Amino acid sequence: MYLVTGIVSFALFYNSLGNDFVFDDESVVQNNISIQSLSNIPKFFTADEGFHKVIGRYYRPLVSSTYAIDYAVWGLNPYGFHLTNILIHVISCLLLLSILIRLFAKYEHGLLAALIGALVFTAHPIHTEAVSWISGRTDSLVTLFFFASFLMYMRFTEDENGKLPLFLSLLFFVLGLLSKEMIVTMPVFILLYDFVLRKKDIEYLKKNLFAYIAFAAVTLIFLFVRYLLLKDIPDREAYLYFYGKDSAAAFFTMLKTIPVYFKLLLYPVNLLYHYNGTIPDASSLGDVKVIVSLLFVLALLVFAFYLFKKHSVYSFAILFFLVSLLPVLNIVPTMNLMAERFLYISSFALTLAVSYAAACYINDKNRIPVAVVALIIVSAFVFLTFNRNEDWKNNDTLYSTADGIDGNVLLVNAGNIYANKKNYPEAEKRYRRAIEIRDNSILAHHNLGLIFLLSGKIDSAEIKFKKGLEIDSLAPDGYLQLSNIYQQRGEDDKAINMLEKLQSIVPNYRNSAELLAMLKQGGIQGKLEGSNLPEELAANQISILEKRSFNYYRRSKFEEALKDLNKLVELNPGGRSGYYNNIALCYTELKNQSMAKEFFLKALDADGKNINALNGMADIYEKEKNIDKAVEMYNKILEISPDDGNAKSKLESLRKK
């Protein structure tokens, strides 16, 4: 049984080993310098380093430590990180199987029932986010420790003279707390186990009081230590999902997520990698879906009460499902509306219900048909899970699975796909819709600003980047992009101010410290010649100069444009043909035909197929009445681009002269 469960749990996610880093993996792993040294592991526990410096005010030192170990072994090879995720899933499945075997040992076909339940958990498609996504490790790891703690507590209750299982249960509980806060409800789980599933009485409460106090004490100590470690960490409230909303909106909206979670457990199709903005906010009982959700929860509680006498396992499963979701219902504000990975631990409820149903129903006559039906269900789950793993292969495949769905994060990421393909109108449409759903979406404002910047709408871009910084004054990219805008305008003092603020937030973000030093020592004009700039910084300066020279040209500031273009020739010799052509255009506007001719010829010397320069020279030759040379230029253009309508028209006109 253990061998079957282990093989299936590993094989099922084997196709995720070739997946890339996706979505939040960029910040949590790829760009997280703290995980690149094992010496930082103690700092994760003291909160000198950790999750709170990456994605929010979280304390999860054990998860960060696993990333550091992965990095030490694999570097930034995603294969190794995915392998760790799969191994965590395998261990979780084996621990679950042990729990189920113990729970249903007294049933005639309890082993088969336990195996069926374990395979349902192993293959459930809802677990793909927690396993196939490297950043989803928090939920699989905390569930591993929950299963280990729960299993040890079961052993403790079966061996009243032994304290070692209780100690181990508490130890695994602590490890779970250091992995993710979601396990904080463990003291409630053991009470439900004893007084709902096992139907113990008040006398047992008194007898086992030490264990309950121990779990409660560990929880309170953890929360106090966590508070002390994180109390001075800035709480970036603008990222919280219900930022700017009242508590009623949070309560009624989160109530609507509970039936959705329940549906995903029973019917795991049309999965989404992110749910923010997918469920409209509700602020009162006037919303029909709120009423339906409230009735649904009440119905579950009624069923739990009704089934208690004869089928306490179902009662325990229902209550476990509801209690396990409490930490993610935004009672304590978080950045997420809901997530599929949160169901990794909650699906224990489904597993229990399935195993219990099988244990009660299976007999010698029907065990084969039941096994066949279970195999069909598990096979369907295997099919869905295996295919869903492929969706997590890279950002493009993942983001495309949700294109067209109204969710602010989904829209931003889908917009990024279009932006990468240079389809800016479609990207802009999605960013704007994301802002309509959640105005505090800093990425939507930031990326819309980038679209404006690429389209030459500098003033609009400035507004969007400033809006992003209003939402989160600690977002580094906003300062960098505003610096770029001010450099393009030639406002170096403002650019320096933005870069100085950036250094106080994220020192040398994207080589910004070197850019700041360069600007202080005379700006772009003063330090590029003969410099050995990092590739990223050099590319950044090329982009700034290209855009600024174009803006100068468009505003008829031809002398300023010439300065930038000459620097571009020095900084990026590979693009000199285009820069020489643009220099020639500036001289043309300045009525200096001899210099224009000189630079058009330089452009052609650098690249004989530069059609713009050929057109420029043809125009000059025509003005000089040198018709033969003009014809020669247009013929060269047609050799390069036979369908060039302008060259054909010009040739026909010249031949008539």
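User: What percentage of the 657 residues in the chain is buried?

Analyst: This is a predicted model, in which local features need pLDDT of at least 70 and side-chain atom pairs count only at pLDDT 80 or more, while totals for chains, interfaces and linings use all residues. Residues are numbered from 1 along each chain as its sequence is written, and side-chain values use heavy atoms, leaving out hydrogens and water. A residue is called buried under 20% relative accessible area, exposed over 50%, and partly exposed in between, with a 1.4 Å probe and protein chains only. Of the 657 residues, the buried share is 53%.

User: Is L295 buried or exposed?

Analyst: L295 belongs to helix α15, which covers residues 288-306; helices here are DSSP runs of H or I with at least four residues, and strands are runs of E with at least two, numbered from the N terminus. Because its relative accessibility is 53%, L295 counts as exposed.

User: How are α23 and α24 oriented to each other?

Analyst: Helix α23 (residues 442-454) packs with helix α24 (residues 458-471) at about 165°, their axes being 8 Å apart. Axes are lines fitted to C-alpha atoms, for helices over the stretch in contact, and angles run from 0 to 180 degrees between N-to-C directions. Angles under 35 degrees count as roughly parallel, 65 to 115 as roughly perpendicular, over 145 as roughly antiparallel and the rest as oblique. The orientation of α23 and α24 is therefore roughly antiparallel.

User: How many helices and how many strands does the chain have?

Analyst: The C-alpha atoms of the chain fill a box of roughly 110 × 55 × 55 Å along the principal axes. Within the chain, the counts are 35 helices and zero strands.
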